[in-house]
Amino acid sequence: MTTPLISVKDLTLRFKTDEGLVTAVNNVSFDIAPGEVLGLVGESGSGKSVTAKALMMLNADNAVYDEGSKITLNIDGKEHDVLSLKRPAEQMVIRGGAISMIFQEPMASFAPAITIGEQMVEQLMIHSTMTRTEARDISVEMLTRVGIPEPAERFGQYAFEFSGGMRQRAMIAMALSTKPRLLIADEPTTALDVTIQAQVIDLMKDLVAEYHMSILFITHDLGVIAQTADRVAVMYLGNLVETGTVRQVINKPSHPYTRGLLNSLPKLDDLEAPLTPVPGDIPSPLDRPSGCVFHPRCVESGDIAERCRTEIPVTTFGADGHQVDCHLTNPRDQAGDQA
Amino acid sequence: MSDILIRANNLSVHFPLSRVGFGERPVVRACEGINIEIEKGSFFGLVGESGSGKTTLGRAMLKAAPISHGEVIYTDGDVTYDLGSLKGQELKEYRKRSQLIFQDPYAALSPRMTVRDIIAEPLEVMGLTSSREETDTKVREIAAKCRLNLEHLRRFPHAFSGGQRQRISIARALVSDPKFIVADESVAALDVSIQADVLNLLNSIQRERGITFLFISHDLSVIAHTCDFVAVMYLGQIVEAAPTRKLFSETAHPYTRALLSAIPSLDPDVRGNAQKLEGEIPSPINPPPGCRFNTRCPHAQDRCRSEVPEWREMTSGHHVACHFSEELMG
Amino acid sequence: MTETATIEETDANVDQKRKEAYFTAGQGQLIWARFKKQKAAMVGAGILIVLILSGFFAPFLTPYDPTIAGRNKDYLNGAPNVPSFCDDNGCSLRPFIYTYERTRSIQTNFRWVTETDTSLDARRYLVFFPQGDEYTLMGMNFSTHMFGVDSGKIHIFGTDATGKDIYSRTLQAINTSLAVGTIGVFIAFVLALIIGGISGYYGGWIDSILQMMTDAVRTIPTIPLFMALAAFIPATWSSETRFLFISIILGFVGWPTLARRVRTHLLTERNQEYVLAAQLCGASAGHVIRRHLLPSFTSYIIVDLIISFPYMVLSETALSFIGLGLKDPVNSLGVMLQNVTSADVLLNYQWYFIPVLFFITLVLAFVFVGDGLRDAADPYADTKK
């Protein structure tokens, strides 16, 4: 087993708010191998964005990390304990250096009064010892690589002169110019039209192959995940409920939430099928259910409902790496899954 | 031939922009030459990407956007309204019969009013009830239909999640007993698991009350599951319109085909489809000449760049605006 | 490897009642809840309330009539009499002051000096709720004051050149300044609401014209304006009329800033989707304004009003100080400070400045409360997804 590029263990994160201590991420563990695309799927309140930001220590000041949480970055044989990096100089290695992030709303990520080119050059010069000319050349090259026509001209333009899809590409160009090992993409295609989304997804897949880069792809769109990810992790209300390869999770979902999510999607190949929503509403983070966080909405608990209400499920590790946190897939049941 | 509730004939909606320098005033051609007929009691889907003009079309049909050319005619039993010239008392009547459900559940509800007041507002404004008790009864009835209980009525919107707020929006739209509802991207801002819930609610309302829905969305799979009839819009024009099943099985327009193939499939083994569109969506201020889709169409020919394709009926109920549909389908 | 199959407690120990309270809290209640959390603002609010009440109940709280009628002829420019409980002669439960006497003689170079007699017999004890000068409060006549002395007069802040008790005058001045401020703010507010409201609601060319007017009024320099007005005021006007006039003028000069805020709020609010929803029901402009627009910026406008108050007070103070505003016998801080510019006062009668402390406190209290309210005023900002 190759050393994972980034390893998250028992990450628990709470926020201090007026209403009390709110748990955003609860005991989340996952690994990302070099060159792998991990899809992090969840709806609002699932904690996926918070988890991603934790990898770069970008969460707000009122975030409280639990003692046992550990995020380890392995680059070039060296281990970095991300959560213990306090000095900005050390953090700089991670932010923008080894790890880059792109966001949902590209308009919000570019400063409106500075040209795109200027921002890309700035990013490069912070993270390396290049001269301005070198940085400019590399930036224009990146803009070409992401498919922006007339890159030299576009280099000198402002964010508002780009369309949504192009801004997202420029954002990807900027994020990739420092050749990061891990790209965190937080809902990068959600705000895009579907035809543009298809283009951007293709681009990202090409870049992964070319740069041998890993991507943590965060989204709520299972279709996009199915098309881009190698492995999938499903989050619900701060907990990681299921992890596995994309075929395992999508074709043979083991957790009732994943099953419910897949069932509620309108599918083009079966227009007659009724849409079955997951019953109930996502609870407020102030109101975390006891035991298994999903139990109030679970339709499959049946006989063991009492257990689901009182006991937190233990993670079941399948032989093929398919993990799930559910009482239905009990320790007794470990032989179940095949890829 | 069942009743047509509302139809648009050659409808155009243009928004003039402020003049830049000297010369002609730029105009956003949000909708151009729209011809559609919505049957009474049907669930009519309108799909398109940004700049397609679908929101504008929806608003024009509610007289919430100005009609620059053409007409929109609403016919229901013995009343007929020409939206272009509607005003005064007749406009008020029309407002009772037609409602809008907004996209953003967070912006559509006044944060300072209780849920009960929000739902009751149309009743009070339109004078549909004569006493507070009557209003309360009606509000409770509608709220129950949308799975909002008495406790919820006393609360303010900040207490609710996106899905719940959307249900409040729906309740507000229903309370005046409308005949025609435009749902503008009503599920776009919702989580997937809640989306199905709201869609089911809309469907059950439609079945029970026979309300005609114009459902606007950018998500073709959502439309496919809920609508009887679909119209596809691109850059202000309708490029194809057909009953849902036909649209998917006998796709006639290259744009529709591209839209369908762009939807990421849930099957990880189906990757790398054909028909990926190149280029960006042009601006509605300066649409391309001829067929507006020609800049991105993989099958574009010279004729497409100069001649505007005619809106024609290919088979019963299936209209398309493309020069080469037969060749492409064959 | 995760274990622990124990029952997890809910993280935030919020019980059902509190949650329900949060869900049913209207705008006012939410703002109040947020306001309570800000210490500076709460302290400011407390002080403000105390000062306002002191101003209102000034005649009761002070021992003497603050006008000429209540002056102490024997104690001009007198130093403050600070009550004490104990001195060399022993302690007493009742606070007392010393007998003082002003004399001048050749020894003192013919300057007036105050002599205090600290002997036990010369103590004058404070009495509580004595009868004193009559006054009118809320339409009724009273003559009970909160405190006094058993003989002679007590001046805890000293007296001014004509013997008027500075403490009595200070509290009365607070009252006057607050009254001027209230009238001024009220007038400014009404004007701002009308002009800013029309401007913001209709937009377009009405807005442009009204904005030009607003800007024009805003650029009028106030000092020359007031000088002109001061010259114009007939000497025959009573001081009360003069007081009203100054307040009204302050209002007329202060509305542009408020009007601009009202306009901005309206321009934003009328584009909100819930306003469109109401309009699509056929709601009239009146309904939209009443039900949606006005409540939406009430909280902001209250903040603006409270923050404008100190400006009114300070403007009036400045004007009165340079003689263009109020005059005796109407009393305000500015009037009280009219005489402080002589060297005599600065060197010898420093107690003239005690009222300044009160006013600084008053203005700061307003500012803290206004800031606190402004921070608390948008309780819905964090409910967007």
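1. How many residues does the contact take from chain B and from chain A? It takes 34 residues from chain B and 34 residues from chain A, two residues being in contact if their C-beta atoms, placed from the backbone, lie within 7 Å. The model is predicted: local features need pLDDT of at least 70 and side-chain atom pairs count only at pLDDT 80 or more, whereas totals for chains, interfaces and linings use all residues. Residues are numbered from 1 along each chain as its sequence is written, and chains are lettered from A and ligands numbered from 1 in the order in which they are written.

2. On the side of chain B that touches chain A, two or more residues each come from α6 (162-174), α7 (192-209), α8 (220-226), α9 (244-249) and α10 (254-262) of chain B. Helices (H or I, at least four residues) and strands (E, at least two) are DSSP runs, numbered from the N terminus. The most is given by α7(B), with 7 residues. This side has 15 nonpolar, 11 polar and 8 charged residues; Ala, Val, Leu, Ile, Met, Phe, Trp, Tyr, Cys and Pro count as nonpolar, Asp, Glu, Lys and Arg as charged, and the others, Gly among them, as polar.

3. Chain B also meets chain C, with 25 residues of chain B in contact with 23 residues of chain C. At least two residues each are supplied on the chain B side by α2 (88-97), β6 (98-101) and α3 (115-126). Of these, α3(B) gives the most, with 4 residues. The chain B side divides into 14 nonpolar, 4 polar and 7 charged residues.

4. Chain C is divided into domain 1 (71-163) and domain 2 (167-383), with bounds from an automatic or database domain assignment. Their C-alpha centres lie 39 Å apart. The contact between them takes 9 residues from domain 1 of chain C and 7 residues from domain 2 of chain C.
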